[in-house]
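The sequence and structure come first.

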Amino acid sequence: MTDYGFSQSGSRYGNRNREEFPAKKTGSRLFLTEFLIVLFFFLIVSTVCLKLFVRSHQITESAAALSHGQTMAASAAAVLAECDGSAAALAFYFPEAEVSGELLTMYYDRDFQPCTAESARYTMIVSTECQGYQKLASIQFFSEDSMIYELNVTAHQPLTRGEVLP
C-alpha cells in the first residue's frame, strides 16, 4: 500500500501538535477592511447626492416662486394699465386684496392661492400713484423672509375728447 506522506493518524505531519503550525489566514481581516472602505465611500457619495437633491429642490421652489411672482405682478400691471390707476380700482379686480390708501396688499399661501394674512407665505404689495396723465405703480412680491420680484410700472392715461378739444 502506498503511503502518500500520511501517517496512521491521518496527519500529513505525523505526530506533531497543531500548535507547532500557524493557522492559515482566511483573509477575513482584508475583507473587513475592504468592506469598511467601500461602506465609507458609499456614505460619502450618499451624503453628496443628498445635498445635491436638497439644493435642487430649493432651486426649484425659488424658481416657482419667481415665476408666480412675475405672473401675478404682470397681471396687476395689466389691470393698472386699463383702470384709472388707483388702488380702489385695482381692488375691483382683486377682491381678496386689502386696500389702505393707495396701497393694495394681497396674501398667498404656499400653493399661490389667495389667503388671509395669518396663513400667508407670499405677499404682493402694489403701491399706486397718479401724476398728471401718468399712472405709476410699484409692485413687489415677497416671500416670508425676502423680496422675490419687483416691477415698476408707468402707464399713460389717454386724454379724453373733452380734454383735447375744449
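Two strands count as paired if DSSP finds at least two bridges between them. Helices (H or I, at least four residues) and strands (E, at least two) are DSSP runs, numbered from the N terminus. The model is predicted, with local features requiring pLDDT of at least 70 and side-chain atom pairs pLDDT 80 or more, while totals for chains, interfaces and linings use all residues. Residues are numbered from 1 along each chain as its sequence is written, and side-chain values use heavy atoms, leaving out hydrogens and water.

**Overall fold**

The chain contains 3 helices and 5 strands, arranged along the sequence as α-α-β-β-β-β-β-α. Of its 166 residues, 24% are buried (under 20% relative accessible area; exposed is over 50%, partly exposed in between; 1.4 Å probe, protein chains only).

**The sheet**

The 5 strands form an open sheet in the order β1-β2-β3-β4-β5, with antiparallel pairing. Its edge strands are β1 (98–100) and β5 (147–156), each of which pairs on one side only. From one strand to the next, the twist averages 15°. Strands of a sheet pair through backbone hydrogen bonds, either parallel or antiparallel.

| Strand pair | Bridges | Residues standing opposite |
|---|---|---|
| β2 and β3 | 6 bridges | T105 and I125 |
| β3 and β4 | 9 bridges | S127 and S138 |
| β4 and β5 | 9 bridges | F142 and M147 |

The hairpin of β3 and β4 has 2 residues between the strands, and G132 there takes a positive phi near 65°.

Helix α1 lies across β2 (103–108), β3 (122–131), β4 and β5, and runs at about 20° to β5. Such angles run from 0 to 180 degrees between N-to-C directions, with axes fitted to C-alpha atoms, for helices over the stretch in contact (heavy atoms within 4.5 Å).

Which residues form a nonpolar patch on the surface? They are F31, L32, F35, L36, L39, F42 and L43, with about 740 Å² of accessible area together (Shrake-Rupley method, 1.4 Å probe; for residues, only the protein chains shown count as cover). Patch residues have over 30% relative accessible area and no salt bridge; like charges are joined within 9 Å, and nonpolar side chains (Val, Leu, Ile, Met, Phe, Trp, Tyr) within 5 Å. A salt bridge is a side-chain nitrogen of Lys or Arg within 4 Å of a carboxyl oxygen of Asp or Glu. L39 is found in helix α1 (residues 28–82) and counts as partly exposed because its relative accessibility is 38%.
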